[in-house]
Amino acid sequence: MASSIVSMISIFLLFAMSGHALASLSPTFYSSTCPNLTGIVRAAVQQVVASQPRMCASLVRLFFHDCHVNGCDASIMLNGSNNEQFAFPNINSLRGYNVIENIKALVEAKCPNTVSCADIIVIVARECVMALNGPTWTVTFGRRDSLTANQTAANVELPPFFFNVSRLIANFQSHGLSVQDLVALSGSHTIGQGQCGNFKSRLYGPSLSSSPDYMNPYYNQSLRSQCPSSGGDSNLSPLDLQTPVVFDNKYYKNLINFSGLFHSDQTLWSGGDWTVAQLVHTYAMDQARFFQDFATGMINMGNLKPLLAPNGQIRKYCGKVN
């Protein structure tokens, strides 16, 4: 009887330990099942950067827009007329879906039915930042892919380009992210481009020096040549005019110079929140500190409400459920 009880306890402990492992993200999750994952993704990202340097900005944004809606579960990848790709912040704006699908196919060829699309999106974001001379960080794995998307949540939860600083803080805090995460992750706008229609009102509307939305007049004038008062809403301008395909801290220097492209950028410096403005100044003066806090923010974002086994699935194709 005693030995039987001991055996039952041992089995229970083994099951509990196994369940705990399934319920946790880990940097070694694929060590035995797909040991070459990082190498496969890194080589693919380097090819993308060589052919389309600004695509990496889109892939980092895709990571944000996936994780900011019900956690990092690759729901952003699901096709269909009522899915997250058609939410207002994403439609005709978010891109890179085909890159994720291509990388997923490369991974499937080496490690079939093993690596989730959610985990691929997360590691692609890191590799993209690294490829553009940005920081690195430890990526944890074990996320599963969702079975559904949530367009309604995407419309509500993704912060638009016209938010002021207080609404941005509230949005990030509602997802368990700090003010530091907000300011550091906004630094991803040191790469990429923005559509004219999302900042045109700043060029031709009131621009008083006392306004939180004040724009440097020289910067304003340079943007008007690319963004006419009528039409051209899909025309693109770099988010960082100085080094648009290098991941650095120029974004924050631009904000101090009142040269943020979107209102949601400039409000970090001139929106009236001292704590936020102080972080902007710190990152503008200290790129190493920005890199450190950005890496922390990316880890925090990647750990939001992970979908773990036995929930979800490992999709074979990221655009549809199995």
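## Disulfides and salt bridges in a predicted model

The link of Cys-34 and Cys-111 is right-handed, with 75° about the S-S bond. The two cysteines belong to distant parts of the chain, 77 residues apart: Cys-34 sits in the loop between helix 1 (2–22) and helix 2 (37–51), and Cys-111 in the loop between helix 4 and helix 5 (117–131). Helices (H or I, at least four residues) and strands (E, at least two) are DSSP runs, numbered from the N terminus.

This is a predicted model, in which local features need pLDDT of at least 70 and side-chain atom pairs count only at pLDDT 80 or more, whereas totals for chains, interfaces and linings use all residues. Residues are numbered from 1 along each chain as its sequence is written, and side-chain values use heavy atoms, with hydrogens and water left out.

With a disulfide taken as a pair of cysteine sulfur atoms within 2.5 Å, the count comes to 5 disulfides. Numbering the bonded cysteines in sequence order gives the pairing 1-5, 2-7, 3-4, 6-10, 8-9. The table lists some of these links.

| Disulfide | S to S distance | Angle about the S-S bond |
|---|---|---|
| Cys-34 and Cys-111 | 2.1 Å | 75° |
| Cys-56 and Cys-128 | 2.2 Å | -70° |
| Cys-196 and Cys-227 | 1.6 Å | 65° |

The link of Cys-56 and Cys-128 is left-handed; Cys-56 lies in helix 3 (residues 55–67) and Cys-128 in helix 5, so this pair ties together parts that are 72 residues apart in sequence. The link of Cys-196 and Cys-227 is right-handed, and it joins the loop between strand 1 (193–195) and helix 9 (200–204) to the loop between helix 10 (217–224) and strand 2 (236–238).

Buried here means under 20% relative accessible area, exposed over 50%, and partly exposed in between (1.4 Å probe, protein chains only). On this scale Cys-34 is buried at 2% and Cys-111 is buried at 6%, while Cys-56 and Cys-128 are buried, as are Cys-196 and Cys-227.

A salt bridge is a side-chain nitrogen of Lys or Arg within 4 Å of a carboxyl oxygen of Asp or Glu, and the count comes to 9 salt bridges. One of them pairs Lys-316 with Glu-108, the closest N and O atoms being 3.6 Å apart, and it links distant parts of the chain, with Lys-316 in the segment after helix 14 (287–302) and Glu-108 in helix 4 (residues 97–110). Lys-316 is partly exposed at 39% relative accessibility, whereas Glu-108 is buried at 11%.
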